[in-house]
Amino acid sequence: MRHVTTKSTTKKLMAKKKTVKHPIEKKSTRNLSAGIQNGSLSTRISANSKSSEIFFYLNGQEVRPTAEEAFMMTADWLRKRKGMPGTKIVCAEGDCGACTVLIADPRKESLDFVPINSCVYLVGQLHGKSVVTIEGISNGSILSPVQNAMMKCHGSQCGYCTPGFVMALTGLLESRKMDNIPAAQKRKVCTNYLTGNLCRCTGYAPILDAACNMTDDSNYELKHRYLNEKIITTLKSNIWKTNQMGDKHGPTWYSPNQLEDALKFLKNQKSSVKILGSTTDLGVLYNKGKSQPNAFLSLQNIKALHASKVTPKQVQIGAQVSLESVRGAMKNIDSEFVNLLNIFASPQIKNVATLIGNVANGSPIGDTIPYLLVRNAIVYTSGISQGKIRERKIPLDKFYIGYKTSALESQELITKITFDRPKANNFVRHYKISTRKDLDISTMSMAISLDCEFSGHQFTIKQPRIAIGGMGPTAARIYSVEQKWEHQILTKTTILDLTHETACSINLELSPLSDHRGSADYRRALITNFFSKFASEFSQFLESMGVP
Amino acid sequence: MTTSPNTKSADGDCSELAESRRKEAKRRSLRPVNEHFSSTINAESANSKQSLVKNSKGQNSRQTKATSQPHDSASTHVSGLSEYVDDRPEMQNELHCAVIYSTEAHARILSIDASECNTLDGFVDIITAADVHHNCWGPIFKDQPILAKDVVQYYGEIVAVVAAKTLAIAKLAAKRVKVCYEPLDCTMSIQEAISKRLFIGGERKIQRGDPYAKGPHQVTGKLIIQGADHFYLESNAVVVYPRENRLLEVHSSSQHPTETQHVVAEACGLAFSDVICIVKRLGGGFGGKESQAAPIAAYCALMAHKTNRPCRLILTKDDDMIITGKRNPFEIFYDCTFQDDGAIISLDAKLYSDAGAYADLSTAIMERAMLHCDNAYFIPNIFITGQVCKTNHHPHTAFRGFGGPKGVALIELIMEKIAIQISIDALNVRKRNMYRPSFDITHYGQRVENNMLPSLFESLEKECHYKARRKEISDWNRSHQSTIKGLSLTAVKFGISFTTRFLNQGNALVNIHRDGSVQVSTGAVEMGQGVNQRIATLVSSELGVPVDLVRMLSTSTERNANTSPTAASSGTDINGAAALKAIGLIKERLAKLAAILSKTPKEQWPSQTAGLGTAPEIELASPINPESKELKNKLDYECLFSDGQVIVRHHSSINTQPAFSIKFSDLVNEAYLSRISVCEYSHFKIENLGFNKITGQGQAFLYFTQGVAASEVEICRYTGDVKVRRVDILMDLGRPINEALDIGQVTGAFVQGMGWVTTENLVYNKKGLLLTHSPSTYKIPNIQDTPREFNVHLIDNDGNQANFKGTKAVGEPPLLLGISVWTAIQNALSSSPKHLQLEKIPATNEVILRAMHPDLGWTI
């Protein structure tokens with residue numbers, strides 16, 4: 001047994017610690033509307049905008065939770081307040097899937113039921129959505145095709161993970177027709193869809209059997225039952241509206257529909273505010289007593305933040321765009337990014353967690369960060385200054401200033417991120433190693449991007465970009481190496497020398513930590529090997545281009 | 001097992017009652033509609049990809065009718081309607097408990113200050129060691145306090161318990177309790193314990209043959225085996241209701257309700273009869289809730305007893321993982337000699353295990369490890385010692401396999417090393433050494449009866465195309481830069497029985513109700529393995545009634561006392577046998593009654609006359625003695641329980657009169673009206689066990705469950721990342737009661753074993769705090785980690801005379817086949833010119849990379 005002393009508790013998250021004081025903070029507070037300084041929250045907020053209460057559908061029934069309920073995690077609320085203990089809680093951190101429920105959000109482009117982890121999802125976040133739990137799956141006394149398949153194929157043993165698997169598989173049936181999946185691919189599709197669910201009894205084989213033997217049956221489609229026209233209309237009339245909850249005794253919930261209101265709220269809250277992208281990380285800290293914020297600022301009702309755009313040269317992703325949407329948008333555009341997102345987190349997490357959340361979290365390992373760094377990502381932030389919205393553009397490589405600290409000011413929000421689309425002559429690789437391949441935080445990751453100029457039978461490196469996560473306090477570009485690589489002429493032999501030399505110099509430059517994911521030595525060895533791997537893959541590429 | 005006089009039985013499902021029950025069930029609750037289902041799923045094809053039952057003698061050779069029934073809770077599992085402890089609705093004035101545990105590995109408790117809790121609105125009470133009546137427990141040695149008094153001996157040891165009106169307040173109160181410690185010298189590893197001579201129990205020995213016999217070749221080394229967390233999905237949970245007159249009703253997630261009952265009673269100063277422990281089901285146990293559920297139940301019970309209010313204690317996954325013990329870590333020093341052809345001459349192995357701070361089950365676990373060092377192989381000269389070490393870790397405990405996996409990992413590693421040393425295929429080394437005729441006495445002196453190993457090896461080698469794949473893999477490893485592959489075929493021979501004789505007993509209560517429906521309760525705890533379904537199948541088949549009519553009740557010390565833990569793969573064996581014995585007695589009475597009724601005019605039947613007293617009461621003449629062969633021979637009729645009917649044929653009139661037939665439920669009613677009992681309680685014990693723990697010799701086990709597995713892995717040379725490409729398993733499970741459930745045990749146990757030897761990494765800090773205490777850091781296999789191709793087959797074996805109906809236990813043995821993934825990794829590494837090896841479990845990416853690249857400047 002190895003004994004280590006450090007522990008990193010990093011994950012996808014949206015919240016930002018108040019670490020950086022802004023010099024104009026005090027001055028500008030006074031410039032804002034006078035009514036905000038004192039008085040109860042409701043008067044403060046209603047002074048700014050029209051608001052409505054939190055409202056959603058649970059298994060087809062309208063629900064208007066109380067203020068206290070809005071701050072509960074959905075799984076706790078279902079089990080303890082709604083008398084629906086079918087949804088199980090195991091890890092309370094979104095890593096096991098026992099708490100999986102389905103949500104449909106009319107804010108999204110496609111109105112499908114998708115699985116999420118209800119243990120890290122606040123009831124307040126359900127506003128304007130339709131939620132289905134295990135109790136809503138069977139049709140009266142008749143089991144659904146998923147339930148039947150799970151039963152007949154012996155997909156449940158102790159039964160504790162079973163509701164979560166049933167919900168995830170129901171999500172799969174909602175999203176695509178099984179009949180349309182070629183038999184050869186069924187296993188893979190189902191496996192990928194179940195990455196977020198752990199089972200300790202079956203060894204998964206019977207569950208996979210069940211998944212592959214599910215049948216489409218339109219009678220059981222949740223869309224017909226829990227997304228009828230009336231429900232959709234009602235939900236659509238409720239989204240994009242400000243809502244707020246809470247009194248002076250409890251925490252405050254605020255979900256405005258204007259960016260400006262969000263920024264004003266941030267500016268005027270004296271106590272700790274947590275910004276909610278999706279609570280996939282904040283929820284973990286909240287459940288484990290590591291964060292008890294006084295106020296939650298949810299961004300989900302701000303329409304502008306849901307936008308993403310792909311231009312010929314760039315990709316732009318808004319603060320509320322989920323990783324799953326990013327993955328969809330990147331198909332046919334950046335396959336290496338898609339590969340990265342495939343093994344990043346689980347479907348349940350990706351359906352709600354945002355790319356910006358990952359960026360804002362600033363984890364030293366950073367999952368997507370090394371890749372975004374080599375794609376020249378730029379972070380767009382907004383704050384209020386002199387009563388006006390002030391926008392800043394911060395290149396991602398200047399964004400992180402220390403362990404989990406960034407250039408983001410305490411009263412700013414990240415609104416979007418842009419990054420380059422790969423050029424035609426771009427060669428890129430992303431390497432990630434973790435204890436388990438899927439749904440695991442990386443021990444270390446590295447991205448290398450080169451533009452290759454081909455002239456007179458030789459390749460010249462242009463704009464090399466190398467970024468590494470898990471080797472220091474922040475994920476970072478390695479400029480010294482990039483400089484060395486720029487304009488290098490590459491052959492199959494020179495790439496080997498170059499990468500070897502690079503690995504050695506990086507290992508001298510960086511001093512990684514030992515922790516429960518791996519020792520410092522292991523991380524150093526990986527650097528060396530990642531470069532060897534890159535050299536090998538690049539050589540193959542050169543060979544395919546006919547370079548000697 | 002008992003047999004009734006000339007009674008036969010068969011399955012059936014045409015009873016009217018069953019039909020009406022099904023209709024009722026359909027109306028009331030969630031039941032599958034088979035008509036609907038059959039059109040949508042073909043269960044045969046569903047299973048055929050993953051798990052085929054090989055039946056060389058043809059499908060009809062076995063009673064297959066009920067052998068693939070789903071788990072009895074399957075429909076409520078898939079509907080979220082199955083009730084676990086924490087699903088119980090909250091009672092009025094119920095209290096929520098939270099625990100305060102040690103944050104030191106070893107320290108004196110200077111003070112416990114709860115004064116800050118009193119200011120907390122909703123805080124109710126705190127209990128410490130002073131509140132415990134008898135503050136000492138332990139499943140073998142009574143060496144562990146329930147609540148730490150004066151001294152804590154591990155990080156996570158419970159010091160105090162608080163209760164409050166809500167869980168949030170209870171958690172807050174727990175944080176406000178200030179415990180001051182004075183740290184003491186602590187021991188955090190086996191090596192340290194050995195050097196300080198901190199041991200639990202004496203050194204154990206098992207030996208045979210000539211200690212000086214040596215072969216011309218030798219392999220030696222030290223194998224380090226880490227622990228593993230059970231990672232049952234349902235963390236430990238308890239709800240206790242104080243009933244009238246001091247009675248405590250404990251609902252616990254325990255694999256051992258009887259021990260939980262006893263520990264709770266002693267802690268509270270109550271008689272055992274003042275405590276009822278009820279277990280409906282567990283969300284997984286795997287051994288982790290065998291002993292350690294008891295003190296957790298006691299925390300909650302103590303609070304309920306003190307406050308006289310219902311109390312609930314649900315551990316979070318993080319706390320559960322920090323507090324409870326794991327699979328024991330082992331360090332094994334070995335020295336094995338062998339001949340030119342790989343035949344082992346001698347094995348000398350010194351086993352050390354880390355018990356943690358208290359004995360728990362560690363000495364018994366060590367014993368099973370020592371008994372399994374031979375695994376499937378005959379070793380003529382063997383000298384094994386075992387010593388349990390005391391450290392300041394959480395007390396380690398039972399985990400599926402119970403020490404067996406450690407012994408087996410050792411000998412399977414030795415097989416790989418011998419193969420490398422003499423440059424032959426490891427499979428040949430295994431076949432050279434396997435138990436076979438004339439070489440079938442274990443090192444503890446028990447003969448391996450009904451030995452299927454030679455045919456298992458031979459069949460699997462052929463069916464998994466071992467030789468062809470071996471060649472493909474060699475070619476691959478020569479020609480590929482980025483990955484290397486390995487293939488290994490290992491075996492398991494797992495002894496079935498508790499090695500402690502007195503645990504091999506069970507009891508069952510069978511109540512048949514007047515409508516012909518049946519309730520069965522036994523000491524077996526349902527934790528996913530399907531013990532209830534198996535027992536229900538046995539009972540329904542004996543009574544000739546549909547399995548729907550047999551309801552398995554929760555495990556309760558009210559109905560079944562002095563039970564053994566549901567452990568050692570024995571649940572169905574001992575409890576099913578007890579149920580069969582009870583059924584046999586009931587059937588005998590019913591058969592006699594039916595014979596009498598067949599000769600009695602219907603108008604004189606009790607149902608027509610009993611209320612009026614117009615006919616004399618039917619008496620069953622002779623005393624009941626199921627063992628009496630004389631009685632059986634004297635009987636002039638035979639009786640068949642089938643299809644919901646009881647059919648009597650009199651030998652004298654077999655050709656002249658049609659058989660008499662009565663509906664099972666009618667017969668039960670006639671029995672009641674005749675004042676004949678249709679209920680029975682039976683006790684069962686396994687005969688002929690006799691293992692002497694002092695000499696290390698004897699009949700340790702009733703029989704052996706055997707199997708083989710071939711695993712192929714592919715390892716990334718750059719990262720050490722492992723993919724399990726293909727696994728083929730062939731097992732001997734005798735004549736399974738339910739093949740589908742058995743196969744589920746095989747796939748589940750295999751993957752659990754695979755996790756233990758690959759990704760599951762327990763990392764502690766210097767104080768013994770487990771850093772990997774949740775699934776974000778502790779990585780059990782994910783669906784993506786399962787073998788790309790996974791074939792599971794069972795052989796046909798009707799020859800197990802030792803157990804009832806020729807069945808074999810299945811729970812633990814397949815876990816040990818997971819070791820084939822680890823030896824496949826060894827095999828892949830050995831393909832390099834340097835014959836790289838790793839002698840550590842788990843083989844994490846880092847461990848593998850270190851073994852593959854010793855040149856990369858490792859400093860630690």
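Colleague: Which strands stand at the edges of the open sheet of 8 strands in chain B?

Modeller: This is a predicted model, in which local features need pLDDT of at least 70, side-chain atom pairs count only at pLDDT 80 or more, and totals for chains, interfaces and linings use all residues. Residues are numbered from 1 along each chain as its sequence is written, chains are lettered from A and ligands numbered from 1 in the order in which they are written, and side-chain values use heavy atoms, with hydrogens and water left out. The open sheet in chain B has the order 4-6-2-13-10-11-12-21 with mixed pairing; strands (E, at least two residues) and helices (H or I, at least four) are DSSP runs numbered from the N terminus, and two strands pair if DSSP finds at least two bridges between them. Each edge strand has a single partner strand, so one side is left without a neighbour in the sheet, and these are strand 4 (123-127) and strand 21 (555-556) of chain B.

Colleague: Which residue is the bridge partner of V240(B) in strand 13 of chain B?

Modeller: Strand 10 (residues 237-242) and strand 13 (residues 311-314) of chain B run antiparallel and are joined by 4 bridges. In strand 13 of chain B, the partner of V240(B) is C311(B).

Colleague: At about what angle does helix 7 of chain B run to strand 12 of chain B?

Modeller: Helix 7 (residues 257-268) of chain B lies across strand 11 (248-252), strand 12 (275-279) and strand 21 of chain B. Axes are lines fitted to C-alpha atoms, for helices over the stretch in contact (heavy atoms within 4.5 Å), and angles run from 0 to 180 degrees between N-to-C directions. To strand 12 of chain B, the helix runs at about 145 degrees.

Colleague: How many residues apart in sequence are the parts that D334(A) and R375(A) tie together?

Modeller: The side chains of D334(A) and R375(A) meet in a salt bridge (2.9 Å, N to O), the term meaning a side-chain nitrogen of Lys or Arg within 4 Å of a carboxyl oxygen of Asp or Glu. D334(A) lies in the loop between helix 13 (323-330) and helix 14 (335-342) of chain A, and R375(A) in the loop between helix 17 (369-374) and strand 13 (378-385) of chain A, so the pair ties together parts whose separation in sequence is 41 residues.

Colleague: Are E542(B) and K587(B) buried or exposed?

Modeller: Their side chains meet in a salt bridge (3.3 Å, N to O). The pair links helix 15 (residues 531-543) and helix 16 (residues 571-598) of chain B, 45 residues apart. By relative accessible area (under 20% buried, over 50% exposed, partly exposed in between; 1.4 Å probe, protein chains only), both E542(B) and K587(B) are buried.
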